[in-house]
Amino acid sequence: MSGSGKPLRSEKTPSLAIFGAAPAFAEKLHVGRPTIGDRNRFFERLNDILDRHWLTNRGDYVIELERRIAQAVGVRNCVLVCNGTVGLELLTRALGLRGEVIVPAFTFVATAHALQWQEITPVFADIDRDTHCLDPDSVEAMITPRTSGIIGVHIWGRPCAVEPLTELAVRHNLKLIFDAAHAFACSHKDRMIGSFGEAEVFSFHATKLLNTFEGGAIVTNNDGLAEKLRLMQNFGFAGFDRVIYIGTNGKMSEVCAAMGLTNLESLDEIIAGNERNYRAYRKQLNGIPGIGLMQYDGRDCGNYQYVVAVVDDDAALSRDELVEVLHAENVIARRYFYPGVHRMEPYRSYFPHAHLLLPVTEEICRKVMVLPTGPSVSEEDISRICPVIHTALANAPAVRERFARR
Ligand code: T4K
């Protein structure tokens with residue numbers, strides 16, 4: 001295989017693992033390999049935690065990380081939580097959402113589960129073909145007298161249509177919040193994601209731009225809401241022996257906060273590396289008929305955490321065929337968020353006809369392929385991944401025939 005990104009058309013048997021060649025990578029290359037910041041700094045913090053015997057329940061590291069995140073986002077309050085899903089559950093409950101809440105089906109299943117877990121019905125609206133985020137016209141069409149809120153998802157770190165959604169929410173008296181699991185350190189028209197709507201929720205899962213092993217944060221300028229969330233995430237305790245509200249255990253531990261603080265110190269470097277990788281993919285996949293990389297709006301600032309390729313119907317191979325070729329090479333490209341939340345249980349059974357109202361979601365679910373990036377993927381790796389794609393496409397009939405013979 002050539003390292004120059006050029007297809008190898010002349011070979012009789014294309015040099016691909018599906019035809020028996022050695023895989024391009026000896027080890028699996030994943031989407032979502034965690035970022036590990038400065039180990040020594042982490043171990044120093046870990047030792048400090050152990051020396052002080054203070055492991056959880058809003059210790060110094062949690063307080064410090066909350067302060068740093070609120071400052072970075074430019075909001076008054078950050079409430080750290082044990083993961084993004086619990087963050088969404090707490091927030092929707094604290095806001096009193098009930099009945100129906102409008103969400104995209106093109107998202108990680110947690111966005112809908114956080115609602116259904118509380119017996120709030122997620123109503124799926126369609127997305128925009130370019131941004132993959134909620135389409136405000138589709139949202140408006142889904143509003144009923146039972147609707148209490150909208151959850152926009154800044155998918156891939158690309159901002160939702162924030163202004164039209166805000167206008168809709170005001171006009172229909174609905175609560176608007178954002179699932180910003182992918183969007184830490186992203187901005188929209190010079191304003192950081194995290195500062196829109198009633199509140200926004202980040203995920204700091206191991207696979208995210210900023211990881212705390214597991215974790216998340218709810219950020220808001222509403223002080224009363226933040227106060228309520230703090231009570232709810234700690235069983236409703238307002239002091240020793242004093243429970244004043246129903247609550248759960250949604251706390252982040254000190255070791256997680258120490259990991260977050262450590263990774264935060266490397267954040268600029270990580271984003272710069274992600275952007276380098278994104279540009280390398282763009283350069284090497286440029287001009288392939290039917291394949292396009294997700295573009296960023298110049299007025300927004302992304303974190304380039306996901307390299308998202310859209311494989312159109314006129315490409316020589318389908319998205320699924322390409323993913324299979326790549327997996328054989330140990331390049332574990334992902335079909336996020338296939339098949340769409342509306343086609344997963346329990347939603348598939350609850351709303352068997354939902355897909356009829358979600359044509360763009362259906363199309364994007366069929367076409368998106370997410371490629372490995374992050375600090376454990378080098379530009380040299382990308383120079384070996386892209387030729388696989390070129391070679392497979394240049395030999396599409398042989399690839400198809402190979403799959404058909406299985
Ligand atoms: N909203 C949205 C829009 C989200 O995307 C998510 C989470 C949430 C809400 C909920 O937030 P959290 O409650 O998770 O904080 C992954 C993540 O598990 C999930 O957090 C994330 N979205 C989603 C987009 O991706 P999976 O099932 O695809 O893959 P997973 O976790 O097995 O990891 C992917 C790959 O990363 C693995 O194949 C190998 C690699 N990996 C993973 C882990 C955990 C590692 O190399 N090391 C690791 O420690 O969901």
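This is a predicted model: local features need pLDDT of at least 70, side-chain atom pairs count only at pLDDT 80 or more; totals for chains, interfaces and linings use all residues.
Residues are numbered from 1 along each chain as its sequence is written, and side-chain values use heavy atoms, with hydrogens and water left out.

Helices (H or I, at least four residues) and strands (E, at least two) are DSSP runs, numbered from the N terminus, and two strands pair if DSSP finds at least two bridges between them. The β11–β13 pair belongs to an open sheet of three strands, which has the order β11-β13-β15 with antiparallel pairing. Its edge strands, each pairing on one side only, are β11 (291–293) and β15 (368–371). On average, neighbouring strands of this sheet are turned by 30° against each other, direction ignored. Within the pairing, valine 310 in β13 is the bridge partner of glycine 292. Helix α10 (residues 319–328) lies across β11, β13 and β15 and runs at about 25° to β15, where axes are lines fitted to C-alpha atoms, for helices over the stretch in contact (heavy atoms within 4.5 Å), and angles run from 0 to 180 degrees between N-to-C directions.

In helix α7 (residues 223–232), the buried residues are Leu225, Ala226, Leu229, Leu231 and Met232; buried denotes under 20% relative accessible area, exposed over 50%, and partly exposed in between (1.4 Å probe, protein chains only). The elements that cover these buried residues include β2 (77–81), α3 (84–94) and β10 (216–220). At the start of α7, a side-chain oxygen of asparagine 222 reaches to within 3.1 Å of the backbone nitrogen of glycine 224.

Most residues other than glycine have a negative phi, and most peptide bonds are trans. Asparagine 57, in the loop between α1 (39–52) and α2 (60–73), has a positive phi near 65° and is partly exposed, with a relative accessible area of 41%. Aspartate 241, placed in the loop between α7 and α8 (254–264), likewise has a positive phi, near 60°, and is exposed, with a relative accessible area of 78%. The peptide bond from tyrosine 336 to phenylalanine 337 is cis, with omega near -5°, and phenylalanine 337 lies in the loop between β14 (331–332) and α11 (347–350). A cis peptide bond also joins glutamate 345 and proline 346, with omega about 5°; proline 346 is placed in the loop between β14 and α11.

Conventions:
A polar contact is a pair of N or O atoms within 3.5 Å; within protein, one must be able to donate a hydrogen and the other to accept it, and residues adjacent in sequence count only if both atoms are side-chain atoms.
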